[in-house]
Amino acid sequence: IGKGSEVIAGFATSEGTDAYCRRVGAAPEHFRASGGWRLSSLGIGTYLGGEDAATDQLYRDAVMSVLELGINVVDTAVNYRHQRSERAIGQALSALITKGALRRQEVVVATKGGFIPFDGTLPQNPGAYFTETYLRPGIIRSDDVVAGCHCMTPRYLADQLERSRRNLGLETLDVYYVHNPETQLQEVDRPEFLKRIRDAFAFLESAVTDGKIGRYGTATWNGYRQPSSAPDYLSLAELEKIAREVAGEGHHFRVIQLPYNLAMGEAFTYANQPVDGETISLLEAARRLGIYVMASASIYQGQLARNLPPVLGEHLPGLATDAQRAIQFVRSTPGVGTALVGMKRVAHAEENGALVKVPPVPWDQFQKFFKEA
């Protein structure tokens, strides 16, 4: 992190997240335990929106709102809105911590590296920007890049991690994901892909040792939801085994992210993950391997926030809106830790944040929904 930057020291802790859990007065089971942390069953995502000052302000306000409502998981990526989402989150955290409304130890901040980001806005000449920023300084070699947009070499991830720490103004990031690593499988064979994953994990273990991140994982779109025959399929057990080979049983590959919602149920319903001689669902595989699951696209970029079938209201009672019902479905699914929802308006933050006071649906009721839906 550059000299003269105002950096917030510390990281999410057991004591801090537990104190946050106690003081917000949440419903039972809103907070989930993982590796000493207490994480809210709902988290804020920051993917969508224009690359402009107005959207920056919306995200600053929304992040401040959710953190005061009882949501202590914040998710972003260096490439979201050309690094502007990370910067908006950093400003919101700084404002809350400065005024004493939040302690750094109470919040879990996650970001991602892998896609090549621009800086604040789309440059007039993207090729020249890429050359000057990444090729010429030797951060990336041209043959490191896949699909014209993705890289996960240790040197590149080191550069991106520093950018994210600087953007967020945080000394330590709680979760760092390799972003959509399955993108690599578009152009490299599986042995080469697994070598690249191993190198990435070795770097991320060193970043944990250096105090720059707390734990790491993979944030994917297709990889974990595909049949094993698909070219971009990912086996969670295979990746966890690589982490163990790199760092032993105490490895820090402890979090994954993938889409899961009413329209994309594969993580729960589709058995495609081999673990100990069985083929089971992704959520069950993660449970057995001790890996926390963050569900992205909980309301599918707003598509599941309206016009849901009435049967949902019967099985997910006590909720006022379809967005709340869609989120309730995700956070009530066994094995889902945190349901991530993009929120860039305080009104949406307050609507979704009402779930902090509502317990998830118990398993017997959730089972009935699945049988009848």
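Visitor: What percentage of the 373 residues in the chain is buried?

Guide: This is a predicted model, in which local features need pLDDT of at least 70 and side-chain atom pairs count only at pLDDT 80 or more, while totals for chains, interfaces and linings use all residues. Residues are numbered from 1 along each chain as its sequence is written, and side-chain values use heavy atoms, without hydrogens and water. A residue is called buried under 20% relative accessible area, exposed over 50% and partly exposed in between, with a 1.4 Å probe and protein chains only. Buried residues make up 57% of this chain.

Visitor: How many helices and strands does the chain have?

Guide: Helices (H or I, at least four residues) and strands (E, at least two) are DSSP runs, numbered from the N terminus. The chain has 13 helices and twelve strands.

Visitor: What radius of gyration does the chain have, and what would a compact globule have?

Guide: The radius is taken over C-alpha atoms, and the globule rule is 2.2 Å times the number of residues to the power 0.38. For 373 residues the rule gives a value near 21 Å, and the chain agrees with its 20 Å. Along its principal axes, the C-alpha trace spans about 60 × 55 × 40 Å.

Visitor: What share of the contacts with a separation of 6 or more joins residues 24 or more positions apart?

Guide: Contact means heavy atoms within 4.5 Å. Such residues account for 77% of those contacts in the chain.

Visitor: Which residues of helix H7 are buried?

Guide: An α-helix has 3.6 residues a turn, so residues three or four places apart point the same way. In H7, the buried residues are Leu236, Ala237, Leu239, Glu240, Ile242 and Ala243. Their cover includes helices H6 (190-209) and H9 (282-289), together with strands E7 (213-219), E8 (253-259) and E9 (271-275). After H7 comes Gly248, with a positive phi near 80 degrees.

Visitor: What do the buried residues of helix H1 pack against?

Guide: In H1 (residues 14-23), Gly16, Thr17, Ala19, Tyr20 and Cys21 are buried. These pack against strands E1 (31-34), E2 (37-40) and E5 (108-113), and against helix H2 (53-69). Just after H1, Gly25 has a positive phi of about 65 degrees.

Visitor: Is Glu29 buried or exposed?

Guide: Glu29, in the loop between H1 and E1, is exposed because its relative accessible area is 59%. Most residues other than glycine have a negative phi. Glu29, however, has a positive phi near 70 degrees. His82 also is not a glycine and has a positive phi, of about 55 degrees. The place of His82 is the loop between strand E4 (73-75) and helix H3 (84-98), and His82 counts as buried because its relative accessible area is 14%.

Visitor: Why does Ser164 count as buried?

Guide: Ser164 belongs to helix H5 (residues 154-168), and its relative accessibility is 0%, so it counts as buried. Leaving out residues up to four places away in sequence, Ser164 touches Val78, Glu86, Thr111, Leu173 and Tyr176. Ser164 and Tyr176 are twelve residues apart in sequence, with their C-alpha atoms 9.7 Å apart.

Visitor: Which residues is Gln328 in contact with, leaving aside neighbours within four places in sequence?

Guide: Gln328, in helix H11 (residues 322-332), contacts Leu316, Leu319, Leu355, Val358, Pro359, Pro360 and Val361. Gln328 counts as buried because its relative accessibility is 2%.
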